[in-house]
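Please open the model in your viewer and keep the selection panel at hand. The stops below go from one selection to the next.

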Amino acid sequence: MSTDKPKVATASLAGCFGCHMSILDIDDRILQLIDLVDFDKSPVDDIKEFTGRCAVGLIEGGCCNEENVRVLQDFRKHCDVLISLGECAICGGIPAMRNNVPLKECFDEAYRNGPSVHNPSGEYPSDPEIPLLLNKVYPCHEVVKMDYHLQGCPPPADTIWAALTALLTDKPVELPYELIKYD
Amino acid sequence: MMSDRITFTIDGVEVQADPGQTILQAADAAGVYIPRLCAHKELNPFGACRICTVMVNGRPQAACTTPAANGMIIENETEELTDNRRSIVEMLFVEGNHYCMYCEKSGNCELQAMAYRLSIMVPRHPYQFPDKDIDGSHPDIMIDRNRCILCARCVRASRDLDDKNVFQFVGRGKEKKVWINSEAKLSDTDMDVTDKATDICPVGAIIKKRTGYEIPIGQRAYDHKPIGSDIEEAKATAESN
């Protein structure tokens with residue numbers, strides 16, 4: 001099973017899995033991709049822990065809680081090249097819309113005052129299994145060093161393909177105008 | 001023989017100007033694109049965004065406000081100037097809340113298009129996530145100050161083209177914002193959806209209601225060609241004729 005192929009790992013932090021859908025959207029080129037690489041820790045193959053050093057790590061979503069930060073730091077430790085995939089990883093995206101609302105107000109709206117909330121005790125969920133929220137949502141590059149940023153919501157499959165194949169064949173990542181899109 | 005044409009160079013290419021023309025106007029006519037956000041053909045020069053800054057005889061000057069003069073040696077597309085422009089655009093992105101993914105202006109936005117043209121993949125400055133106001137009081141027009149880049153196009157258009165003076169800046173530094181000439185709401189002004197000021201916003205800060213997402217992705221202004229292509233192509237066409 002073990003090969004000399006470089007490994008790729010992916011993670012979805014505070015994202016919607018849309019960027020991962022866009023990875024799958026490379027369609028039958030995924031057959032060429034698995035000739036080039038093995039997938040390591042990733043929701044694509046459901047491997048939960050790193051099995052070794054990875055050439056490329058793709059990160060979807062920013063950091064909204066302490067678990068996101070730990071996963072991101074783990075990826076930085078295991079990946080030679082780490083890529084922010086999509087708007088949420090790059091600028092926080094939709095989850096970052098809470099960044100100009102104080103955290104307590106967010107909690108009160110979600111667990112006390114929201115129109116559909118039934119919570120007579122008024123307690124916030126505090127199970128140790130639930131990761132603690134950060135004061136705001138952080139873009140990945142404000143937490144660890146990120147090497148590349150692929151823009152888009154989600155980045156087009158062609159953008160992901162162009163960047164991955166360039167990196168895996170030791171060529172510079174040069175995206176044409178039409179593959180740089182913020183929406 | 002005397003000629004009142006002014007001659008100067010941009011990146012080594014000879015450009016001619018009429019007396020009174022700014023560097024930017026002369027460059028446009030010559031098919032040389034100097035990136036800009038606050039400058040607009042129908043408006044007087046203002047010099048708000050500084051993206052059009054070029055080196056004039058070795059000194060930085062805003063091309064939109066500096067009159068062309070004989071013998072000027074102008075640098076436009078240098079590595080340093082391009083990086084300065086990137087930095088300004090990056091600052092505009094982090095100082096507002098620019099969520100391109102759901103913005104009605106996406107694809108037709110000049111700020112976004114400028115970032116595309118400059119190949120910006122991530123801002124070097126930390127995101128500020130500032131708290132900004134939205135004014136949806138007007139029946140046909142909305143103001144979303146999250147997206148405002150303080151270019152003053154609406155201020156100038158309303159005052160000089162519409163003769164209404166609906167907009168003005170208030171505050172200083174990071175508190176500066178475009179405000180309206182009434183107690184509180186846009187609906188209390190005589191702003192009308194047919195005003196020049198409605199359409200002139202380069203970003204999605206002033207938008208017409210019920211027109212969002214009308215143009216499909218792939219057919220929007222900057223989907224296939226970088227901003228400034230029209231100016232550069234006019235020159236290419238003229239040369240091939």
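Begin by colouring the two chains separately: chain B and chain A bury about 2300 Å² between them, with 61% of it on carbon and sulfur atoms, where buried area is the accessible area (1.4 Å probe) that two parts lose on being put together, summed over both. This is a predicted model, in which local features need pLDDT of at least 70 and side-chain atom pairs count only at pLDDT 80 or more, while totals for chains, interfaces and linings use all residues. Residues are numbered from 1 along each chain as its sequence is written, chains are lettered from A and ligands numbered from 1 in the order in which they are written, and side-chain values use heavy atoms, with hydrogens and water left out.

Next, select the residues in contact (heavy atoms within 4.5 Å), which are 29 residues from chain B and 25 residues from chain A. Then show the side chains of A:Asp183 and B:Arg220, which meet in a salt bridge at 2.8 Å, N to O; the term stands for a side-chain nitrogen of Lys or Arg within 4 Å of a carboxyl oxygen of Asp or Glu. The count between chain B and chain A is 1 salt bridge. On the side of chain B that touches chain A, helix α3 (residues 110–117) of chain B gives the largest share, 4 residues; helices (H or I, at least four residues) and strands (E, at least two) are DSSP runs, numbered from the N terminus. That side of chain B has 18 nonpolar, 6 polar and 5 charged residues, with Ala, Val, Leu, Ile, Met, Phe, Trp, Tyr, Cys and Pro counted as nonpolar, Asp, Glu, Lys and Arg as charged, and the others, Gly among them, as polar.

Now move to chain A by itself, which has 6 helices and 7 strands and whose C-alpha atoms fill a box of roughly 55 × 40 × 30 Å, taken along the principal axes. Select A:Asp80 and A:Arg53, whose side chains meet in a salt bridge (2.8 Å, N to O). A:Asp80 lies in strand β5 (residues 79–85) of chain A and A:Arg53 in the loop between β2 (38–39) and β3 (54–60) of chain A, so the pair ties together parts that are 27 residues apart in sequence. Over all chains, the count comes to 29 salt bridges.

Centre on A:Pro154, in the loop between β7 (148–150) and α6 (157–168) of chain A, and look at the peptide bond from A:Cys153 to A:Pro154, which is cis, with omega near -5°. Finally, select A:Asp27, found in the loop between α1 (18–24) and α2 (29–36) of chain A; phi of A:Asp27 is near 60°, a positive value in a residue other than glycine.
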